[in-house]
Amino acid sequence: MNAKFRSFEELLGEYLENPGFARSFLNQALADEDIEAFQLSLRDIIRVHGKVSELAKEAHLSRGTLYKLMQGKGQAGIGTVLKLIHALGYDLTVTRRAQTV
């Protein structure tokens with residue numbers, strides 16, 4: 001029997017095609033207060049989205065900027081992150097934390 005296994009990237013890409021899952025993926029990274037995980041999560045969602053040149057145009061960013069971010073060669077500022085999130089069809093919101101006793 002010849003079992004064929006899919007890579008983690010393939011499985012993750014399949015899940016990230018679902019907008020609800022992608023949103024939860026980003027929110028969990030933010031909830032964990034892990035900026036690096038958030039940036040990696042955003043990068044994964046961009047990879048699944050596909051056409052970098054179209055996304056760059058929609059986000060009003062240069063293709064070069066987006067390619068650098070995809071390759072992990074640059075740090076995205078909050079303005080760039082917001083542009084990308086909006087171009088992907090999401091919003092970033094701030095809520096007040098529940099107070100702990």
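**Pockets, salt bridges and a surface patch**

Thirteen is the number to start with: the second largest pocket has a lining of 13 residues, and Gln 39, Arg 43, Leu 69, Gly 74 and Ala 76 are the ones that sit nearest its centre. Helix 3, helix 5 (63-70) and helix 6 are the elements that each give two or more residues to this lining, with helix 3 handing over the largest share, 5 residues. By type, the lining of the second largest pocket splits into 7 nonpolar, 4 polar and 2 charged residues. The space inside the second largest pocket comes to about 180 Å³. As a reminder, the model looked at here is a predicted one.

The largest pocket holds about 490 Å³ of space. Its lining is made up of 20 residues, and nearest the centre are Asn 27, Leu 30, Phe 38, Leu 92 and Thr 93. Helix 2, helix 3 and helix 6 each put in at least two residues of the lining of the largest pocket, and helix 2 gives the largest share, 4 residues. Sorted by type, the lining of the largest pocket has 11 nonpolar, 5 polar and 4 charged residues.

Next come the charged pairs. Side chains of opposite charge can pair when their charged atoms come close. The model has 3 salt bridges. One of them joins Glu 33 and Arg 97, with N and O 2.4 Å apart. This pair ties together distant parts of the chain, 64 residues apart: Glu 33 is in the loop between helix 2 (19-31) and helix 3 (35-49), while Arg 97 is in the segment after helix 6 (78-87). Glu 33 and Arg 97 are both exposed.

Another salt bridge runs between Glu 14 and Arg 6, where the closest N and O atoms are 2.4 Å apart. Glu 14 counts as partly exposed because its relative accessible area is 42%, and Arg 6 is partly exposed as well, at 43%.

Arg 47 and Asp 44 also form a salt bridge, their closest N and O atoms lying 3.6 Å apart. Arg 47 is partly exposed at 38% relative accessibility, and Asp 44 is partly exposed at 21%.

Finally, there is a nonpolar patch on the surface, formed by Leu 11, Tyr 15 and Phe 21, which together have about 270 Å² of accessible area. Leu 11 belongs to helix 1 (residues 8-16). With a relative accessible area of 31%, Leu 11 is partly exposed.

Key:
Residues are numbered from 1 along each chain as its sequence is written. This is a predicted model: local features need pLDDT of at least 70, side-chain atom pairs count only at pLDDT 80 or more; totals for chains, interfaces and linings use all residues. Side-chain values use heavy atoms; hydrogens and water are left out. Patches are made of residues with over 30% relative accessible area and no salt bridge: like charges are joined within 9 Å, nonpolar side chains (Val, Leu, Ile, Met, Phe, Trp, Tyr) within 5 Å. Accessible areas come from the Shrake-Rupley method with a 1.4 Å probe; for residues, only the protein chains shown count as cover. A salt bridge is a side-chain nitrogen of Lys or Arg within 4 Å of a carboxyl oxygen of Asp or Glu. Buried means under 20% relative accessible area, exposed over 50%, partly exposed in between (1.4 Å probe, protein chains only). On a 1 Å grid over the protein atoms alone, a cavity is a set of points where a 1.4 Å probe fits but cannot get out, and a pocket is an open set with protein on both sides within 12 Å along at least five of seven lines; lining residues have an atom within 4 Å of a point. Grid points are joined across faces, edges and corners, and a volume is the space filled by probe spheres set on the points. Ala, Val, Leu, Ile, Met, Phe, Trp, Tyr, Cys and Pro count as nonpolar, Asp, Glu, Lys and Arg as charged, and the others, Gly among them, as polar.
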